[in-house]
Amino acid sequence: METETLPEITEDTKERVENAFEKNWNVIVWNDPVNLMNYVVFVFMKVLAFPKEKATKHMLEVHHQGKSCVATETREKAELYHQQLQGFGLNVTIERAES
Amino acid sequence: MIAKRENDTVVFIFSGLERKVLERIILSLLESYKLSPEQIDRKVAAVWYSTRGSEKAGMSADETADWVKQLHGVRTGRIEFLQKCLTQLTRRNQGPFSLTVPVQNAEGLMTALNDHRLLLAAHHDIGETEMALRSFAAMSKLPPDQQAALCEIEFLAYIIDELLQLLQGSA
């Protein structure tokens with residue numbers, strides 16, 4: 001039986017694998033005038049599993065500073081949070097964290 | 001309105017006027033949820049189906065389209081339950097009018113009602129200034145459609161607040 005060897009791992013593949021596991025995506029929640037403060041706290045507790053104090057701290061950061069980085073995750077997890085938070089009506093973006 | 005928790009359900013008791021307003025809100029929500037993101041009011045789509053985040057994340061056009069489709073799926077997933085709420089609200093009887101919601105569905109109801117607040121604000125150009133109005137005199141200077149929308153937004157905030165209190169510990 002003929003044997004086949006695995007192809008060499010290229011730099012490109014290595015980089016893509018590293019990126020997939022690197023927690024370098026920020027999930028940013030932006031202020032808006034309509035969502036209620038206690039509703040935002042509820043959503044943070046529900047989606048991000050924050051305890052009430054942490055959820056309140058981030059909600060106040062959104063309210064006073066216009067935005068809050070609620071998580072830094074892998075791209076896949078950040079996208080999941082992004083979609084869940086947006087599904088609850090929050091204004092969310094994800095962006096690559098500056099290294 | 002009275003809201004109370006009875007074991008695994010949340011029970012609302014509404015006056016005739018409150019019931020009528022909520023019935024109209026749920027009807028409007030159902031219509032909006034059934035529309036595709038392309039069919040819905042442009043200003044509402046910009047909030048419910050915002051692609052700002054996906055664009056900022058560098059998603060391709062196909063990925064963004066899929067993203068919007070999934071967000072629409074989340075909303076259409078609430079239709080069946082909202083329809084059940086509507087059936088309860090439209091039951092013709094002598095007051096008081098009640099709406100009984102299983103706790104497991106209360107979060108969906110709350111999110112749908114919040115969606116309607118976002119829809120009203122987007123559709124009637126209600127921003128920070130209008131939301132901050134606290135006196136009747138200041139509010140009466142707004143165009144009638146904005147005044148009506150603000151009243152609905154506040155009514156829904158009241159229901160959401162009650163739901164949040166009753167759901168405490170369920171998050």
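A residue is called buried here when its relative accessible area is under 20%, exposed when the value is over 50%, and partly exposed in between. The structure described is a predicted model. By the burial criterion, both faces of strand β1(A) are covered. On one side A:W25, A:V27 and A:V29 are buried, and on the other A:N26, A:I28 and A:W30 are buried. The count for β1(A) is thus stated as six of its six residues buried, and the strand is described as mostly covered.

The strand β1(A) is paired with two others. Six bridges connect β1(A) with strand β2 of chain A, residues 67-73, in an antiparallel arrangement. Within this pairing, A:W30 is placed opposite A:K67 of β2(A). A further pairing, also antiparallel, links β1(A) with β3(A) through six bridges. There, A:W30 has A:N91 of β3(A) as its bridge partner.

The loop between α4 and β3 of chain A contains A:L90. A:L90 has a relative accessibility of 5% and therefore counts as buried, the limit for that class being under 20%. When neighbours within four places in sequence are left aside, A:L90 is in contact with A:V29, A:N35, A:Y39, A:V40, A:V43, A:F44 and A:L85. One of these residues, A:V29, is also among the buried residues of β1(A). A:L90 and A:T10 are separated by 80 residues in sequence and by 40 Å in space, taken from C-alpha to C-alpha.

The contact between the two chains was examined next. In total, 27 residues of chain A are in contact with 32 residues of chain B. The size of an interface is often expressed as the accessible area lost when the parts come together. For chain A and chain B the area buried between them is about 2,600 Å², of which 59% is on carbon and sulfur atoms. Ten residue pairs are in polar contact between chain A and chain B, with both residues at pLDDT 80 or more. On the side of chain A that touches chain B, two or more residues are given by each of β1 (25-30), α2 (37-48), α4 (75-87) and β3 (91-96) of chain A. Of these, α4(A) gives the most, with six residues. Sorted by class, this side of chain A has eleven nonpolar, ten polar and six charged residues.

Side chains of opposite charge can pair when their charged atoms come close. Over all chains, the search finds eleven salt bridges, and two salt bridges are found across the interface of chain A and chain B. A:E95 forms a salt bridge with B:K56, with the closest N and O atoms 3.3 Å apart. B:E107 forms a salt bridge with A:K46, with a distance of 2.9 Å between the closest N and O atoms. This pair crosses between chains, from helix α6 (residues 103-123) of chain B, where B:E107 is found, to helix α2 of chain A, where A:K46 is found. A:K46 counts as partly exposed because its relative accessibility is 35%.

Salt bridges are also found within the chains. In chain A, the side chains of A:K57 and A:E61 meet at 3.8 Å, N to O. A:K57 and A:E61 are four residues apart in helix α3 (residues 52-65) of chain A, so about one helical turn separates them. A:K57 is partly exposed at 47% relative accessibility, and A:E61 is partly exposed at 22%. In chain B, the side chains of B:R75 and B:D115 form a salt bridge at 2.8 Å, N to O. B:R75 lies in helix α4 and B:D115 in helix α6 of chain B, so this pair ties together parts that are 40 residues apart in sequence. B:R75 is buried at 1% relative accessibility, and B:D115 is buried at 0%. Also in chain B, salt bridges with shared partners join B:R19, B:K20 and B:E23 into one network.

Strands β1 (residues 2-6) and β2 (residues 9-14) of chain B run antiparallel and are joined by five bridges. B:E6 stands opposite B:T9 of β2(B). The two strands form a hairpin with two residues between them, and B:N7 in the turn has a positive phi of about 50 degrees. Helix α4 of chain B, residues 61-76, includes B:G73. B:G73 has a relative accessible area of 37% and is therefore partly exposed.

Note on methods. Residues are numbered from 1 along each chain as its sequence is written. Chains are lettered from A and ligands numbered from 1 in the order in which they are written. This is a predicted model: local features need pLDDT of at least 70, side-chain atom pairs count only at pLDDT 80 or more; totals for chains, interfaces and linings use all residues. Side-chain values use heavy atoms; hydrogens and water are left out. Contact means heavy atoms within 4.5 Å. Buried area is the accessible area (1.4 Å probe) that two parts lose on being put together, summed over both. A salt bridge is a side-chain nitrogen of Lys or Arg within 4 Å of a carboxyl oxygen of Asp or Glu. A polar contact is a pair of N or O atoms within 3.5 Å; within protein, one must be able to donate a hydrogen and the other to accept it, and residues adjacent in sequence count only if both atoms are side-chain atoms. Ala, Val, Leu, Ile, Met, Phe, Trp, Tyr, Cys and Pro count as nonpolar, Asp, Glu, Lys and Arg as charged, and the others, Gly among them, as polar. Buried means under 20% relative accessible area, exposed over 50%, partly exposed in between (1.4 Å probe, protein chains only). Two strands pair if DSSP finds at least two bridges between them.
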